[in-house]
Amino acid sequence: MVASFIIESLWQYLITNFSDFQLACLGSFFIHESVFFLSGLPFIWLERAGCLSKYKIQAKTNSPASEERCIIRLLMYHFGVNLPLMIFSYPVFRYMGMRSSLPLPSWRVVLTQIIFYFILEDFVFYWGHRILHTKWLYKHVHSVHHEYATPFGLTSEYAHPAEILFLGFATILGPAVTGPHLITLWLWMVLRVLETVEAHCGYHFPWSPSNFLPLYGGADFHDYHHRLLYTKSGNYSSTFTYMDWVFGTDIGYRKLKALKNAEVEYSSEQKKH
């Protein structure tokens with residue numbers, strides 16, 4: 001109850017001092033940039049400092065120059081593509097029922113909508129991603145994202161502007177259809193940013209979500225996708241991997257995991273003897 005009172009008080013302050021447009025567009029952009037860079041930049045420091053290197057998936061590292069180039073282009077794409085997209089899509093969200101007024105939605109409504117968004121986004125993203133791996137689209141569009149065969153957190157949103165719009169559609173489709181409360185939209189955006197940064201971070205930690213959440217892809221799953229040629233990569237899923245499992249596009253990854261597990265078990269047996 002105390003937490004609910006604090007959240008409602010803070011929200012009352014926001015809607016009193018800022019317009020709906022300011023919160024939905026500029027507020028969303030500010031939250032996105034803050035969460036994205038605050039969660040992604042530490043992985044650059046980890047790589048440069050060599051910290052926790054035993055958890056790094058690939059031994060190869062990126063040069064400081066390539067990391068800086070990524071950041072510069074990201075800022076260009078965010079201000080030149082993401083922000084205008086948020087502004088121009090605002091009328092659609094309003095038309096579909098999005099609101100920022102009190103009362104705030106119940107946690108049941110928020111949870112139900114977030115689960116729906118994840119399921120819908122996974123389905124749409126999977127097919128969009130597979131299409132981007134066709135020869136022409138990969139060469140002219142998706143190859144930009146794959147410039148980094150050794151991904152780090154910030155490369156999650158490093159992509160051709162056309163891809164940002166194309167795959168970004170998968171992320172905004174759920175909220176656009178349901179017209180959620182703005183606080184639900186913000187929560188969805190934060191969770192989606194954290195997930196995609198983690199999937200591209202290049203590290204598989206003991207506390208990584210994929211160790212605890214069934215069907216969750218994570219960094220190890222997506223890193224495999226970046227290491228292979230575009231025609232053989234597979235692992236096209238976004239957050240959860242059920243689509244790859246259903247359509248058999250993770251067979252290569254599952255075989256590699258099985259082989260590695262067998263090698264670990266054999267090594268353990270040899271040490272015992």
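The side chains of Arg 227 and Asp 223 meet in a salt bridge, with N and O 3.0 Å apart; the term denotes a side-chain nitrogen of Lys or Arg within 4 Å of a carboxyl oxygen of Asp or Glu. Both residues belong to helix H8, four residues apart, or about one turn of the helix. Helices are DSSP runs of H or I with at least four residues, numbered from the N terminus. Asp 223 counts as buried because its relative accessible area is 1%, whereas Arg 227, at 32%, is partly exposed. Here buried means under 20% relative accessible area, exposed means over 50%, and partly exposed lies in between (1.4 Å probe, protein chains only).

The model is predicted, so local features need pLDDT of at least 70 and side-chain atom pairs count only at pLDDT 80 or more, while totals for chains, interfaces and linings use all residues. Residues are numbered from 1 along each chain as its sequence is written, and side-chain values use heavy atoms, leaving out hydrogens and water.

Asp 220 is buried because its relative accessibility is 14%; Lys 257, with 31%, is partly exposed.

The structure holds 10 salt bridges. One of them joins the side chains of Glu 147 and Arg 69, at 3.3 Å from N to O. Its partners also come from distant parts of the chain: Glu 147 lies in the loop between helix H5 (135-140) and H6, Arg 69 lies in helix H3, and 78 residues separate them. Glu 147 has a relative accessible area of 39% and is therefore partly exposed. Arg 69 falls in the partly exposed class because its relative accessibility is 32%. Side chains of opposite charge can pair when their charged atoms come close.

Helix H3 also packs against another helix. The axes of H3 (residues 64-95) and H6 (residues 161-178) come within 11 Å and cross at roughly 35 degrees. These axes are lines fitted to C-alpha atoms, for helices over the stretch in contact, and the angles run from 0 to 180 degrees between N-to-C directions. H3 passes H6 in a right-handed crossing, that is, one in which the near helix is turned clockwise from the far one by less than a right angle. On the H3 side, Tyr 77, Val 81, Asn 82, Leu 85 and Phe 93 meet residues of H6 that include Pro 161, Ile 164, Leu 165 and Ile 172. Contact means heavy atoms within 4.5 Å.

Several backbone features lie in loops. The peptide bond from Leu 102 to Pro 103 is cis, with omega near 5 degrees, and Pro 103 is found in the loop between H3 and H4. Leu 215, in the loop between helix H7 (182-199) and H8, has a positive phi near 70 degrees although it is not glycine. Asn 235, in the loop between H8 and H9, likewise has a positive phi, near 50 degrees. Most residues other than glycine have a negative phi, and most peptide bonds are trans. Leu 215 is partly exposed because its relative accessibility is 49%, while Asn 235 is buried, with 0%.

Thr 241 is placed in the loop between helix H8 (218-227) and H9. Its neighbours within four places in sequence aside, Thr 241 is in contact with Leu 215, Tyr 216, Gly 217 and Phe 221. Thr 241 is buried because its relative accessibility is 11%.

On the surface, Phe 123, Trp 127, Trp 245, Val 246 and Phe 247 form a nonpolar patch with about 530 Å² of accessible area together. Helix H4 (107-132) and helix H9 (242-247) are the elements that give two or more residues to the patch, and H9 gives the most, with three. Patches consist of residues with over 30% relative accessible area and no salt bridge; like charges are joined within 9 Å, and nonpolar side chains (Val, Leu, Ile, Met, Phe, Trp, Tyr) within 5 Å. Accessible areas come from the Shrake-Rupley method with a 1.4 Å probe, and for residues only the protein chains shown count as cover. Phe 123 lies in helix H4 and is partly exposed because its relative accessibility is 43%.
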